[in-house]
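I would ask you to look at the structure as I speak.

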Amino acid sequence: QVQLVESGGGLVQAGGSLRLSCAASGSIFSINRMGWYRQAPGKQRELVAFITSGGSTNYADSMKGRFTISRDNAKNTVYLQMNSLKPEDTAVYYCNADIVAGIGRMDYWGKGTLVTVSS
């Protein structure tokens, strides 16, 4: 069974930084795109950034220049470095991955990690 487990969330002051990690485990053959989404209270889930297996990245406009996504393919792990955090970045951050595993190719989600940015 494939699992995605996020870590690194917490409370930080505005202007601070956090680094999120998401590790995929299980009977994994390959991982295609990996990404981060977030959902703030009362709002819809939105894309933060994604990275392809080849390392190409894409960011939501509001995160460009402040957030950096990266991955370690040997560890099946994706990271999100978040700098210059703002109170409006407060949300639950979810990891997402397109994974080919024993049961075939599926889209997987982590349970989320809470990021709170205080003003």
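**Charged side chains and their partners**

The structure holds five salt bridges. Please bear in mind throughout that we are looking at a predicted model.

Let me begin with Arg 38. This residue forms a salt bridge with Glu 46, with a nitrogen-to-oxygen distance of 2.7 Å. Are these two partners buried or exposed? Arg 38 counts as buried because its relative accessibility is 7%, below the 20% cut-off for that class. Glu 46, at 35% relative accessibility, counts as partly exposed.

With a relative accessibility of 1%, Asp 89 counts as buried. Its side chain also meets that of Arg 66 in a salt bridge, at 2.7 Å from N to O. Again the pair joins distant parts of the chain: Arg 66 is found in the loop between strand S6 (57–59) and strand S7 (67–72), 23 residues from Asp 89. Arg 66 is likewise classed as buried, at 11% relative accessibility.

Arg 38, Glu 46, Arg 66 and Asp 89 are linked in a network of salt bridges.

I turn next to the aromatic rings. How many aromatic pairs does a search of the whole structure find? The search finds one. There are also charged groups placed over rings. The charged end of Arg 33 sits over the ring of Phe 50, at 4.1 Å from the ring's centre. Arg 45, in turn, lies over the face of Tyr 94, and its distance from the ring centre is 3.7 Å.

Thank you for your attention.

How values were computed: Residues are numbered from 1 along each chain as its sequence is written. This is a predicted model: local features need pLDDT of at least 70, side-chain atom pairs count only at pLDDT 80 or more; totals for chains, interfaces and linings use all residues. Side-chain values use heavy atoms; hydrogens and water are left out. Rings of Phe, Tyr and Trp (its six-membered ring) pair if their centres lie within 6.5 Å; planes under 30 degrees apart count as stacked, over 60 as edge-to-face and the rest as tilted. A charge sits over a ring if NZ of Lys or CZ of Arg is within 6 Å of the ring centre and within 35 degrees of the ring normal. A salt bridge is a side-chain nitrogen of Lys or Arg within 4 Å of a carboxyl oxygen of Asp or Glu. Buried means under 20% relative accessible area, exposed over 50%, partly exposed in between (1.4 Å probe, protein chains only). Helices (H or I, at least four residues) and strands (E, at least two) are DSSP runs, numbered from the N terminus.
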